[in-house]
Amino acid sequence: MQQLLQQAQKMQQDLAAAQEELARTHVEGSAGGGLVKATVTGAGELQGLVIDPKAVDPEDTETLADLVVAAIRDANNSAQELQQQKLGPLAQGLGGMPGLPF
């Protein structure tokens with residue numbers, strides 16, 4: 001039982017370390033051939049947005065809005081892939097522990 005508790009504690013520490021690393025890591029997504037770029041943390045928090053002046057047309061703000069949404073979505077997809085890489089092995093490790101629903 002003591003060994004099981006030690007394993008759980010180590011997994012918890014590893015999970016916290018991986019989550020901290022995700023929060024510090026930045027990933028980028030883009031749309032419109034790079035006209036709009038979004039930067040998010042590995043945890044999915046929006047950190048920055050860069051819009052090339054060529055993407056700005058006062059007569060067509062809908063396209064710009066679509067590009068912004070697409071860039072953020074692209075960045076979040078990259079963040080989710082990073083989460084899978086960092087947290088996936090930890091979740092698999094938890095699956096071997098009796099009594100846990102993984």
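Which residues does the UniProt annotation "coiled-coil region" cover? In the unreviewed entry, this annotation covers residues 1-28; UniProt positions are given in the numbering used here, feature names are shortened, and annotations may be inferred rather than shown by experiment. The structure is a predicted model, in which local features need pLDDT of at least 70 and side-chain atom pairs count only at pLDDT 80 or more, while totals for chains, interfaces and linings use all residues. Residues are numbered from 1 along each chain as its sequence is written, and side-chain values use heavy atoms, with hydrogens and water left out.

Over residues 1-28 the chain is 82% helix and 11% strand. Helices (H or I, at least four residues) and strands (E, at least two) are DSSP runs, numbered from the N terminus. By that rule the chain has 2 helices and 3 strands, and their order along the sequence is α-β-β-β-α.

Helix 1 has 23 residues and reaches 33 Å from its first C-alpha to its last. This is close to the 33 Å expected at 1.5 Å a residue, where the expected span is 1.5 Å times one less than the number of residues. Three residues of helix 1, M11, A18 and L22, are buried. Here buried means under 20% relative accessible area, exposed over 50%, and partly exposed in between (1.4 Å probe, protein chains only). In the chain as a whole, buried residues make up 23% of the 102 residues.

Contact means heavy atoms within 4.5 Å. Not counting residues up to four places away in sequence, L22 touches T41, G42, A43, L82, Q83, K86 and L87. One of these, A43, is 21 residues from L22 in sequence, yet the two C-alpha atoms are 5.5 Å apart.

T41, another residue that L22 touches, lies in strand 2 (residues 36-41). T41 counts as buried because its relative accessibility is 3%. Leaving aside neighbours within four places in sequence, T41 is in contact with L22, A23, T25, H26, V27, Q47 and A79. For the chain as a whole, residues 24 or more positions apart account for 50% of the contacts with a separation of 6 or more.

The charged side chains come next. A salt bridge is a side-chain nitrogen of Lys or Arg within 4 Å of a carboxyl oxygen of Asp or Glu, and by this rule the count comes to 3. D14 and K10 form one of them, with the closest N and O atoms 2.9 Å apart. Because D14 and K10 are 4 residues apart in helix 1, they are separated by about one helical turn. D14 is partly exposed at 27% relative accessible area, and K10 is also partly exposed, at 48%.

The side chains of E20 and R24 meet in another salt bridge, at 3.0 Å from N to O. E20 and R24 are likewise 4 residues apart in helix 1, so about one helical turn separates them. R24 counts as exposed, with 54% relative accessibility.

K86 forms a salt bridge with E21, the closest N and O atoms being 2.8 Å apart. This pair links distant parts of the chain, with K86 in helix 2 (residues 61-95) and E21 in helix 1, 65 residues apart. K86 is partly exposed at 30% relative accessible area, and E21 is partly exposed at 31%. K86 is also among the residues that L22 touches.

Strand 3 (residues 46-51) contains L49 and G48. G48 is partly exposed, with a relative accessible area of 24%. Not counting residues up to four places away in sequence, G48 touches K37, A38 and T39. The C-alpha atoms of G48 and I72, 24 residues apart along the chain, are separated by 9.6 Å.

L49 is partly exposed at 38% relative accessible area. Together with I51 and V56, L49 makes a nonpolar surface patch of about 220 Å². Patches are made of residues with over 30% relative accessible area and no salt bridge: like charges are joined within 9 Å, nonpolar side chains (Val, Leu, Ile, Met, Phe, Trp, Tyr) within 5 Å. The chain exposes about 7000 Å², and carbon and sulfur atoms supply 51% of it. Accessible areas come from the Shrake-Rupley method with a 1.4 Å probe; for residues, only the protein chains shown count as cover.
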